[in-house]
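Subject: Structure for you to look at

Hello,

Here is the structure I said I would pass on. Please open it first, and then read the notes under it.

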Amino acid sequence: MGAKHLLNLIGNRLHTLPLVVLYLTDGCNSRCVTCDIWRNPRRNMPVELVEQVAAEARPLGIRWAILSGGEAMQHPRWPEIAQRFRAEGVRVFLLTNGLLVRKQIDDVANSVDELIVSLDGGTRATYAAIRGVDAFDLVVEGMRQAAERGVRVTTRTTVQRANYREMPRIVEVARDAGASSISFLAVDVSNPFAFGPRFTADTTLPLVANSGPGAPVEHGPPANALAEPDIQILTTVIEDMVARFEPEFRRGLIAESPDKLRCMPDYFRGVLGQKTFPVTRCNAPHTTAVIEVDGKLRPCYFLPSWGRLDGRRLSEAVNDGEAQQLRSSYRRGERPECERCVCPLYKGPRALLRM
């Protein structure tokens with residue numbers, strides 16, 4: 001199947017689908033300042049839709065399934081869904097805010113290959129300010145219990161104005177809780193497509209196709225982005241981390257390399273219009289599909305939907321005319337969302353052959 005994955009890179013038609021992301025529910029039990037999805041009435045993905053996707057796992061060469069949302073663990077049948085994909089030889093990742101991990105630790109240990117926990121603070125106060133719930137200790141204990149049960153635990157931190165000074169503390173907390181990987185990415189303050197409706201007019205920047213040095217910033221820095229004084233401090237924080245956590249970088253505990261973290265200040269300067277955004281390398285639309293709770297399809301978290309499954313086979317839906325046109329447009333550099341993407345995913349030929 002690895003050689004077949006390579007055919008995806010030739011044109012705009014998918015011959016395999018290595019990664020699927022399923023939004024099992026669009027409800028959430030956090031109240032994050034960067035997301036409004038929790039304001040919506042909760043809908044759960046029908047199990048029939050899950051079965052339709054799982055039935056195509058082997059023919060499509062699906063290798064990984066990420067269970068997401070909303071909060072995936074609020075779907076009443078999420079363990080059954082995870083086990084269904086594992087029965088097809090798919091590696092299952094559970095992307096969660098961690099609030100229910102301790103309560104459902106047996107299901108976590110028995111149903112998933114990797115737990116990805118959002119950890120947006122290194123202290124109780126910062127976590128509560130960002131996530132809207134006082135659950136820092138609960139989440140860390142859930143991570144610890146999962147790691148003790150043999151589940152690989154990854155933490156993901158959205159770096160923003162309220163927490164960037166705590167990046168070193170977050171490394172310590174995650175490391176001490178047994179995390180196998182600790183990841184940081186800049187807060188996305190511009191994309192209207194990712195993770196549901198999220199922005200009000202006074203906290204978002206417009207998508208600018210040709211943004212760069214001198215590009216206007218109509219509303220000032222968005223509420224969660226870093227201003228220039230913050231960016232200067234962030235630069236110092238990152239350099240201190242590089243020196244302090246040299247062993248953690250060397251053994252890959254911190255997922256990003258020092259050079260990649262050093263690009264983060266330039267991303268925030270791009271948000272301010274002071275310079276161009278760091279160049280990203282991504283081919284996610286050629287290896288990935290995101291399936292929302294109602295069957296709506298996207299090529300990744302950050303690009304818009306091209307349609308729904310609506311009873312079609314997944315192999316057919318990912319290759320309809322609109323899907324291929326969307327892939328073509330991002331390859332030609334015509335998607336402004338890609339210019340300022342905070343989470344690019346690139347799978348080169350070697351990586352695809354190893355699948």
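This is a predicted model: local features need pLDDT of at least 70, side-chain atom pairs count only at pLDDT 80 or more; totals for chains, interfaces and linings use all residues.

Strands

Strand E5 covers residues 152-159, and it pairs with strand E4, residues 114-118, in the parallel sense. Five bridges join E4 and E5. To find the place by eye, look for Val 117, which stands opposite Thr 155 in E5.

E5 also pairs with strand E6, residues 181-186; this pairing is parallel too and runs over six bridges. Here Thr 154 stands opposite Ser 181 in E6.

Helix H6

Which residues of helix H6 are buried? In H6, which spans residues 124-131, they are Thr 126, Tyr 127, Ile 130 and Arg 131. These four lie on the same side of H6, because the arc they cover around the axis is only 110°. In general, an α-helix has 3.6 residues a turn, so residues three or four places apart point the same way.

Ala 125 and Ala 129 are exposed, on the face of H6 turned away from the buried side. As for what covers the buried residues of H6, strand E4 is included, and so is helix H7, residues 136-148. Just after H6 comes Gly 132, with a positive phi of about 80°.

Regards

Conventions: Residues are numbered from 1 along each chain as its sequence is written. Side-chain values use heavy atoms; hydrogens and water are left out. Two strands pair if DSSP finds at least two bridges between them. Helices (H or I, at least four residues) and strands (E, at least two) are DSSP runs, numbered from the N terminus. Buried means under 20% relative accessible area, exposed over 50%, partly exposed in between (1.4 Å probe, protein chains only). The arc is that of the directions from the helix axis to the C-beta atoms. Contact means heavy atoms within 4.5 Å.
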